[in-house]
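Please look over the sequence and the model below.

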Amino acid sequence: MNTTAVLKEKLKEIHHVLKENYNNKEHIGVLAGMSGISVFQFYYARFVEDEQIADVGVEVISETIQRMNDGYSFPTFCAGIAGAGWVLELLNEEEFIDINSDDLLSELDSYLFESMNADIKNENFDFLHGAIGYGYYFLKRYQNTKSQPLKERYTTYLLRLIDALKNSAQKDDRGVFWMYELRKKENLRGANLSLSHGMASVINFLSRLYSYEDFQEVTKDLLVGAADFIINCKYPNENQSSLFPSWVYPEMEKYTNSRLAWCYGDLGIGISLWKVGKVLENKEYQELAIDVLKHAAKRRDAEEARINDTGLCHGVFGIVSMFNFMHIETKELIFKETADFWMGEALKMDTYTDGHAGYKQWRGDKEAWQNETNLLEGIAGIGLSMISYLTPSENQWNECLMIS
């Protein structure tokens, strides 16, 4: 099988499906909405060097902006305005579009800051749906704004979030942690370690803030304390499938296997510890992160790894993207070989004749397989993962998943 040829054909099909179906999305956010589909179209246009495909990306992002102008108000990073604003910044950075984001986006600031504060009040520090997501958007604005007054505004917003994290943090002999709602029906609370909703996203976010002098002093102790907590949750027996649980709470069993995926488990923890180690110049964190990810690379049984589908969130293409990125970062051949292995598995999973490019996504809430177009779970993200696999330099897009 010529993997490159197969992937190019699938990318062509994904482009056409998304071109015809992007307007079916209810929301506009980067991960679960329309703007994430524009990201695929722009990167694909550059990949095949076709400006007409870029015009499709312009069409999608223009519709996204029009919806905001028409009163769309859902705020979150995953599905809403914060995520769409983040996409506009990315597209501007990549020179896919040319906009004055200070003029276009600054009017959203007060509403998104109010939304962040509402989640802070409820101690909702979720990356996809809560305060960390808004902070991630404000960090992108802080990085890109050309206005000093706006720079100061975003600094204030981000310091507010850091202060809230400090005030909500709890401490024990393992380090610093936050309490999350783990299972609502059971009223179960504990420390969620995941990248999608929990502490891996917190340390990942704080490590990005630490890169800037404005935030170093106020983040360092919190960053180290939270990283140490996660590390102290590592299982002592490295012969088991996963090295970390998905979450921890007092009554849990001594060992619970976490899945191999972007959303939960060792991959998100490993990549986040890698980023912490880099910004702090801490070799121990970096070496541990590589060990964790090498251990994860040994998991090659889809059933054991709890892999059901192909999307970025909890499927095979998310695994490909993470190992592909770590190969770029470290040049460790095991990571490239593992990305190759899972890409091969992904190409065996295109079994649905009525699926987009042969793929469908499993919806646990509906207990059904269905077609999905978005970036987080659907073919827009699958296509972006394919592009990065074929052209490793094209991976800035996956910053929306806290990977790059």
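Glu-332 counts as partly exposed, because its relative accessibility is 26%. This is a predicted model. Lys-294 is also partly exposed, with a relative accessible area of 30%. The side chains of Lys-294 and Glu-332 meet in a salt bridge, 3.4 Å from N to O. The pair links distant parts of the chain. Lys-294 belongs to helix 12 (residues 283-297), while Glu-332 sits in the loop between helix 13 and helix 14, 38 residues apart.

## Other salt bridges

The structure holds 21 salt bridges. One of them joins Lys-140 and Glu-399, with the closest N and O atoms 3.0 Å apart. Lys-140 is in helix 7 and Glu-399 in the segment after helix 15 (379-390), 259 residues apart. Both residues, Lys-140 and Glu-399, are buried.

Lys-360 pairs with Asp-354, the closest N and O atoms being 2.9 Å apart. Lys-360 is buried at 13% relative accessibility, whereas Asp-354 is partly exposed at 49%. A network of salt bridges links Arg-46, Glu-94 and Glu-394.

## Aromatic pairs

The whole structure contains 22 aromatic pairs. Among them is the tilted pair Phe-77 and Phe-127, at 5.2 Å centre to centre and 35° between the planes. Phe-77 lies in the loop between helix 3 (51-69) and helix 4 (81-93), and Phe-127 in the loop between helix 6 (109-121) and helix 7 (131-144), so the pair ties together parts that are 50 residues apart in sequence. Phe-77 is buried at a relative accessible area of 1%. Phe-127 is buried too, at 0%.

Phe-317 and Tyr-359 form an edge-to-face pair, because their planes stand at 85°, with ring centres 5.8 Å apart. Phe-317 is in helix 13 (residues 316-330) and Tyr-359 in the loop between helix 14 (333-347) and strand 6 (361-363), so this pair ties together parts 42 residues apart in sequence. Both Phe-317 and Tyr-359 are buried. Ring pairs also join Phe-113, Tyr-137, Phe-138, Tyr-154 and Tyr-157 into a cluster.

## Charges over rings

Lys-151 lies over the face of Tyr-142, 4.2 Å from the ring centre. Arg-300 lies over the face of Phe-341, at 4.7 Å from the ring centre.

## Helix 11

Helix 11 covers residues 266-280. Its 15 residues should span 21 Å at 1.5 Å a residue, and its end C-alpha atoms are 21 Å apart, so the two values agree. The helix is mostly covered, with 13 of its 15 residues buried. Just after helix 11, Glu-281 takes a positive phi of about 55°.

Terms used:
Residues numbered from 1 in each chain as written. Predicted model: local features only at pLDDT ≥ 70, side-chain atom pairs only at ≥ 80, totals over all residues. Heavy atoms only, no water. Helix = DSSP H or I, 4+ residues; strand = E, 2+ residues; numbered from the N terminus. Expected span 1.5 Å × (residues − 1). Buried < 20%, exposed > 50% of the residue type's maximum accessible area, 1.4 Å probe, protein only. Phe/Tyr/Trp six-rings, centres within 6.5 Å; stacked < 30°, edge-to-face > 60°. Lys NZ or Arg CZ within 6 Å of the ring centre and 35° of its normal. Salt bridge = Lys/Arg side-chain N within 4 Å of Asp/Glu carboxyl O.
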